[in-house]
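These are my notebook entries on a structure I had not looked at before. I went through it piece by piece and wrote down what I looked up.

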Amino acid sequence: MWEYAPAPESRDIANLKPNYRMFVDGKFVEGSGEPLKTINPATEEVLAEVSTASASDVDTAVKAARRAYDRVWSKMPGSERAKYIYRIARQIQERARELAVLESLDNGKPIKESRDVDVPTAAAHFFYHAGWADKLGYAGYGPDPKPLGVAGQVIPWNFPLLMAAWKIAPALACGNTVVLKPAETTPLTALVLAEIIQQCDLPPGVVNIIPGAGDVGAAITEHGDVNKVAFTGSTEVGKIIQGKLAGTGKKLTLELGGKAANVVFDDAPLDQAVEGIVNGIFFNQGHVCCAGSRLLVQESIADELLAKLQTRINTLRVGDPLDKNTDVGAINSREQLVKIKELTESGEAEGAQRWTSSCPLPDKGFFFAPTVFSNVSQAMRIAREEIFGPVLSVLTFRTPEEAVAKANNTPYGLSAGVWTEKGSRILWMAQRMRAGVVWSNTFNRFDPAAPFGGYQESGFGREGGRTGLEAYLDV
Amino acid sequence: MAAPTTLPSALADAVRDESSLRRFLHGLPGVDQVGVEQRAAGLGTRSIKKASKLHAIDLAISMVDLTTLEGADTHGKVRSLAAKAKRPDPERPDVPKVAAVCVYPDMVRTAADELQGTGINIASVATAFPSGRSTMDIKLADTRFAVEQGATEVDMVIDRGAFLSGRYGEVFEEIVKVKQACGDAHLKVILETGELVTYDNVRRASWLALLAGGDFIKTSTGKVQPAATLPVTHVMLQAVRDWKNQTGELRGVKPAGGIRTTKDAIKYLVAVHEVAGPEWLDPHLFRFGASTLLNDLLMQRRTQLDGHYSGPDYVTVD
Amino acid sequence: MSDRVTVAKTYKLYIGGAFPRSESGRSYPVSDSKGGFLANAAQGSRKDARDAVTAARKAFGSWSGATAYNRGQVLYRVAEVLEGRREQFITEVAQSEGVQLKKAQSVVDAAIDRWVWYAGWTDKIAAVLGSSNPVAGPYFSFSTPEPTGVVAVLAPQQSSLLGLVSVIAPVIASGNTCVVITSQDRPLPAITLSEVLATSDVPGGVVNIITGRTAEIAPWLASHADVNALDLTGSPESLRADLERSAAGTVKRVLRNKVNEDFTVTPDLSRIRAYLETKTVWHPTGV
């Protein structure tokens, strides 16, 4: 047997510090909230202590953002704003390795993903949006569209740096200032981004980054002097925010949960479909709102596909996120692990057939072996609820109409996949699937030039592309 | 059409006649170019270190078909190649010997004499290599000559013209006949994937060669660019894996041409390991057709063991 | 006084292409601006709203699936039929809104022209709001606007025809279907408009019109799980926040229009954009 020796990326590269502070008005300051300890989910050891915001800190940050908006940022020509944003893109590229290691430490995702996806795509988002800053008149919202003011942004723990980039880059390009709260369990890379922003010499207050839990998020979104709220996270919290904002006139965009169908027809390129299914559900441990968590496979190839899929999943290497050969890293938190376990137990209890990868799991840390449920019906919880973990539910269909009906049979509508070699069928399916992103013969592709966002309870508004600018303009 | 071995009924049906063969080959699942290239690139980022790297280097050395296929080849050149094959690193007797020496038919006798009793195979290209453009009689005579001269393995080329114009039956028959002419010698079927162009064609040609009885499917002659590539090898590894699932038989894969560095070779071994499976990590089932690769493997082996970088002057140039 | 007794019209609801009375059996008197009796209008109920949503959902598939060219022709046909009944609408608008005939004429003309304006948009929306996305990889990626689904529209309370047309046309131009609660006190032009819709190739269920008390029916639509979007234009100020809160229950898209929206000026695209989803499709490019 050929065993791969461990190939860990050195954690020294992360330049981990014992303490991190929040970033307000251009300075790193202590927050008056209860400091939080962020842990490495792969080892359960404490990585650092991070200061958090109190309600009054939120107010200070919003005031700083307002000042920066009124006095500097809204008055600055777009061409000048652009250069600041380009600087950020470049610095992210320069510190890419450090950011990648830090992200994997704090989040638990495999280093090959933070290195090859999260960090480069974060840089790309700044690079892309920088170019818009002085071209907004060409975006289709009139000759001189205006910014909204102060944007309050709350992001999740699954792509900590990337989500910060998705939020901050378009906000700044459109001329808004920002108060952003990173997730409680993954605040570190956002605070290194704050360091980059400081080194890029952005005017104080243009970007403020304040860690904390849900109460800090609520304080930001409900603050009276915030003009725009952008939230990425669970549908449950999204509904609360939309409800709280009712009647305030604040502009809101929500990027919420999903339960995407990945539809495989009998004429699909099978080996690539297997890769797409694996990438669709095991990328980032399945902590992806657009994960292809429901595999819909045409009955005539179900057995063959399932066999190929299991063989492939058995080759997935689960373990140390810093090991360059790790395919599936650690579940982000104990809380999330408990939720995944609870939902998978419900799958068994409701009669689905469970198959678990034979891969060994580390002794400590939060890990969950890749799992596939077959004989799943639409009525089961595992087919309806977002598991947000490495768990795939397999359903079958007989006709294209049935595939569409099952794919759309959910209150969500974030993404969908379709696999077939027949071009006309791809377009037919893409037209009918009620999802904001349809990946055909591929899955989980992201690009700042391509709008991303959901239908129905997966949220509203888009991020990326020309369409994404609307969220940060007064139009 | 005569099937060379007893095939499971589904596959026996596939080779019943020309039209059933066409239907079978065109009924294989398509290959998405972007998907397979991405998968190959992704697996290519595996980081193989320390003991696993040393193991991979020795394994790779034992899989090399040490090749010389030049118009300027001489008996002297072949003799020194054979010496290299037996003792790749004269100062390090623990270095494994290579799998085979691969030469033109007229050099086979020389190689066979040199390698007698070493267990190293003598591979000969045949069938109007590299273009394959000649009559069937000449191709078969070429094959018989190589075997008579002492070749234990024959690397034939398929008629790409016939394949690309859809005359699959013709290609099939040719492989079957060459296989018969080989007798006990192992047959490697060179698809010349650089001329087949698409991955769909590579998959079809792979299955065609397996159905016709090829013991190995081989990417390239080395005379056409591109020669071996990782994604092409992925598609061929999928074919032998699927072949095993359907027939229980193990067939081999040989990428040839363009694999020059240890780093490249390890990427191929990772693909073998994770696409086909660990049982293909065996010189009976996977070969590298290469000439310069061996020296890089030897240099890297020294680096691993000596703890410092080696240089080209410390390995022999044969 | 004419010699003849005129035949008075019965004003009913418009649901799924039919003209039912309210299932509740209720009606309410509608007066002109001076308080004179004009007619009884059906007083729609929550169950009428529910039926209207069912009809709108049923119509959504084929209306959203129709070609943009076809939808453009249908909307233009509405303008044609409306033009033919211009005199009737002038009278009704003058009575409902208490304006002079000349003013009523310009309102009706503007309403007809508004249909023409939106009819021309149907097959341009995708070109103007969609995109081909230059992604950094071997993929073709494009984004195309698609209708959100069933839209609940609270029609303006003042502008009984022009305002009404200005809120319905952008919803259906892109392929949405809708349930409209008319102006509470000025519902008659809306019912007459539904007769125009019924005779101008607009498939039944695409537009459903309910007369009655906005405050009574709107909360049911705002909370209805099969409604995808909500236009608050005609909402009483006191109800807006509550309706928005209800809408949050199923993450509805909510259009909060500008206060005192002026329907006489040519609109921009914001009302069309409000009920569109952007769908991004990716496909590899390879051989």
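This is a predicted model: local features need pLDDT of at least 70, side-chain atom pairs count only at pLDDT 80 or more; totals for chains, interfaces and linings use all residues.

**Entry 1, a hairpin in chain C.** I began with strand S1 (residues 27–31) and strand S2 (residues 37–42) of chain C, which pair in the antiparallel sense over 5 bridges. I looked up one pair of partners and found that C:Tyr28 is bridged to C:Ala41 in S2(C). Between the two strands of this hairpin there are 5 residues, and I noted that C:Gly35 takes a positive phi near 95° there.

**Entry 2, where chain A meets chain C.** I then asked how many residues of chain A are in contact with chain C. The count is 38 residues of chain A, in contact with 29 residues of chain C. On the chain A side, the elements that give two or more residues are helix H8 (235–245), helix H14 (423–432), strand S17 (437–440), strand S18 (459–460) and helix H15 (465–468). H8(A) gives the most, with 5 residues. By residue type, this side of chain A divides into 16 nonpolar, 16 polar and 6 charged.

Strand pairing also crosses from one chain to the other: S17(A) is joined by 3 bridges to strand S10 (residues 276–284) of chain C, and the two run parallel. As one example I noted A:Val437, whose bridge partner in S10(C) is C:Thr280.

I looked up the secondary structure of chain A, which comes to 15 helices and 18 strands. A compact globule of 475 residues would have a radius of gyration near 23 Å, and because chain A has 22 Å, I wrote down that the two agree. Along the principal axes, the C-alpha atoms of chain A fill a box of roughly 65 × 50 × 35 Å. Of the 475 residues, 64% count as buried. Among the contacts in chain A with a separation of 6 or more, 73% come from residues 24 or more positions apart.

UniProt, in an unreviewed entry, places the feature "active site" at A:Glu255. Is A:Glu255 buried or exposed? There are 28 other C-beta atoms within 10 Å, and 20 or more are needed, so A:Glu255 is buried. This residue belongs to strand S10 (residues 251–255) of chain A. Leaving aside residues up to four places away in sequence, A:Glu255 touches A:Thr232, A:Cys289, A:Gly453, A:Gly454, A:Gly459 and A:Glu463.

I next turned to A:Pro362, in the loop between strand S13 (353–356) and strand S14 (371–374) of chain A. A:Pro362 has 13 C-beta neighbours inside 10 Å and therefore counts as partly exposed. With residues up to four places away again left out, A:Pro362 touches A:Gly319, A:Asp320 and A:Phe367. A:Val318 is 44 residues from A:Pro362 in sequence, yet their C-alpha atoms are 8.2 Å apart in space.

My last entry concerns an open sheet of 8 strands in chain B, with parallel pairing and the order S7-S6-S5-S4-S3-S2-S1-S8. Its edge strands, S7 (252–254) and S8 (288–290), each pair on one side only. Within the sheet, neighbouring strands are turned by 25° against each other on average, direction ignored. I also looked at strand S3 (residues 121–125) and strand S4 (residues 153–157) of chain B, which pair over 3 bridges, with B:Ala123 opposite B:Glu153. Helix H12 (residues 230–247) of chain B lies across S6 (216–218) and S7, running at about 170° to S7(B).

Definitions and conventions:
Residues are numbered from 1 along each chain as its sequence is written. Chains are lettered from A and ligands numbered from 1 in the order in which they are written. Two residues are in contact if their C-beta atoms, placed from the backbone, lie within 7 Å. Helices (H or I, at least four residues) and strands (E, at least two) are DSSP runs, numbered from the N terminus. Ala, Val, Leu, Ile, Met, Phe, Trp, Tyr, Cys and Pro count as nonpolar, Asp, Glu, Lys and Arg as charged, and the others, Gly among them, as polar. Two strands pair if DSSP finds at least two bridges between them. UniProt positions are given in the numbering used here, feature names are shortened, and annotations may be inferred rather than shown by experiment. A residue is buried if 20 or more other C-beta atoms lie within 10 Å of its own, exposed if 12 or fewer, and partly exposed in between; C-beta atoms are placed from the backbone. The radius of gyration is taken over C-alpha atoms; the globule rule is 2.2 Å times the number of residues to the power 0.38. Axes are lines fitted to C-alpha atoms, for helices over the stretch in contact, and angles run from 0 to 180 degrees between N-to-C directions.
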